[in-house]
Amino acid sequence: MGHYGRNYIAEDERMTNKQAAIKIIKRLNRNGFQALLAGGCVRDMLLRRPASDYDVATNARPGDVIKLFTRTLKVGAKFGVVIVLLEGQQVEVATFRTETGYTDGRHPSVVDFTGAAEDAGRRDFTINGMFYDPVKEKVIDYVGGKADLKKKLIRTIGKATERFGEDYLRMLRAVRFSTQLRFAIGPATWSAIRSNAKNITKISGERIAIEMEAILVNPNRSAGTSMLAKSGLAKAIFPGFTSERVKFAANVLGRLRKKVDFALALAAFFAGCPTEYALKSCRILKLSRSRNRHIKFLLTNRGKLLDDKMSLAELKMVLAGPYFWDLYELQRAIQKAGPDGKEGIAALTRLRKRIKALGDIELRPKPLLNGHDLIRLGAVPGPALGHLAQELYIAQLEGKLQTPQQARHWAKSWLQKHRMTEK
Ligand code: ATP
Ligand code: MG
């Protein structure tokens, strides 16, 4: 395919992440190194589940890997991790290693390059600790991962309390894998989570958020939330998250559609909490500005859609926002989870009818004045013109302005107030 150039390779002809990883393994093998697929992708292959990415583990040192491949990223070379870029794919190639000297429950202080067996031993759970040799087509399992896959069990490799003591995030990862795979957590692993749950606060909000997202966007999110509660992790992460609130959360989460955005799921997670508390709790997760805005919209507008007396202008305003249907979905789930059960959605059905009756033209009416009109009135082209146009449109949606004449009058006084006219 080379002579077409990369831009002309059709989607289905492009090398997959798996093919790229195998090509890398073969090149490492040809140069005398042992190289294997490792971790999550082996687990997912055995479960016949699509893997998110294929990681390579090898006895080649980062320096060797960098020499063998033309395009690499040396992000974690010190810890034995190099990213190899091949045919538009990025593959993590990691040197077999052990990690020791955890003192803070987060970071290892010493990394030693070792063999495959030792590398398996540093991984978190038995089902995540296997290798696969794609050339010999053989699973290499030093940790009893295959047996636990059969039993549908999440168990730490080695003593659970020790392994969590090295990195407390693993507790949340256990709940995450249990949610995603619908596997049980082994008894020793579970009791170690319960007794160490408080230590999750040693982990950064960003890392907690990644696991929370994986739990809450998964269709099995309701069970995941109950697990977060029973383990004590939910309360440790969000102080004040009472069992009553968790119960309601699990109920609401279970009623959302299968595929949801993290923001909607998180709003549902906090559906049984006061808005102030929920927003404060979200701060712990260090979410992006736009995600926070999304969640805030959903939480502060709870209940609004149930109001039959909502004015037309107000309805148009909520509808014009980007998260309207998420709000609708959240409210629907809250109603179903509430004391009235399915009866509770009657108000939403009425709202839907009302929206349908409005039609598209009513909902997004043509602006009474366009940009040219505003310039003719004396507005100077630039960002301020945009603000004027926006405020004018809002006044129109609110029903304050009905005719172009009223709009011109309104725009003129706006311009005077903002001293934007040229005169
Ligand atoms: P996913 O399919 O969600 O990517 P994964 O199992 O590949 O799941 P990653 O976070 O991508 O999980 O990590 C890759 C592998 O690295 C894991 O399978 C596990 O062997 C190891 N690993 C990752 N995080 C940890 C950790 N905190 N402690 C120990 N081993 C870990
Ligand atoms: Mg992975």
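Is the crossing of α14 and α15 left-handed or right-handed? The crossing of α14 and α15 is right-handed; a crossing is called left-handed if the near helix is turned anticlockwise from the far one by less than a right angle, and right-handed if clockwise.

This is a predicted model, in which local features need pLDDT of at least 70, side-chain atom pairs count only at pLDDT 80 or more, and totals for chains, interfaces and linings use all residues. Residues are numbered from 1 along each chain as its sequence is written, chains are lettered from A and ligands numbered from 1 in the order in which they are written, and side-chain values use heavy atoms, with hydrogens and water left out.

**Helix pair**

The axes of α14 (residues 275-284) and α15 (residues 289-300) come within 10 Å and cross at roughly 165°. This makes α14 roughly antiparallel to α15 (angles over 145 degrees count as roughly antiparallel, under 35 as roughly parallel, 65 to 115 as roughly perpendicular and the rest as oblique). Axes are lines fitted to C-alpha atoms, for helices over the stretch in contact, with angles from 0 to 180 degrees between N-to-C directions. Helices are DSSP runs of H or I with at least four residues, and strands are runs of E with at least two, numbered from the N terminus.

On the α14 side, T275, A278, L279 and C282 meet N292, I295, K296, L299 and T300 of α15, where contact means heavy atoms within 4.5 Å. By class, this contact of α14 with α15 has five nonpolar, three polar and one charged residues.

**Salt bridges**

The structure holds 20 salt bridges, each a side-chain nitrogen of Lys or Arg within 4 Å of a carboxyl oxygen of Asp or Glu.

| Pair | Closest N and O atoms |
|---|---|
| E87 and K23 | 3.2 Å |
| R49 and D44 | 3.0 Å |
| D104 and R106 | 3.7 Å |

E87 forms a salt bridge with K23. Because E87 lies in the loop between β4 (81-86) and β5 (89-95) and K23 in helix α1 (residues 17-30), the pair ties together parts that are 64 residues apart in sequence. E87 is partly exposed at 27% relative accessible area, and K23 is partly exposed at 37% (buried means under 20%, exposed over 50%, partly exposed in between, with a 1.4 Å probe and protein chains only).

D104 is partly exposed at 26%, and R106 is partly exposed at 32%. Elsewhere, D124, R173, R176 and E211 are linked in a network of salt bridges.

Conventions:
Nonpolar A, V, L, I, M, F, W, Y, C, P; charged D, E, K, R; others polar.
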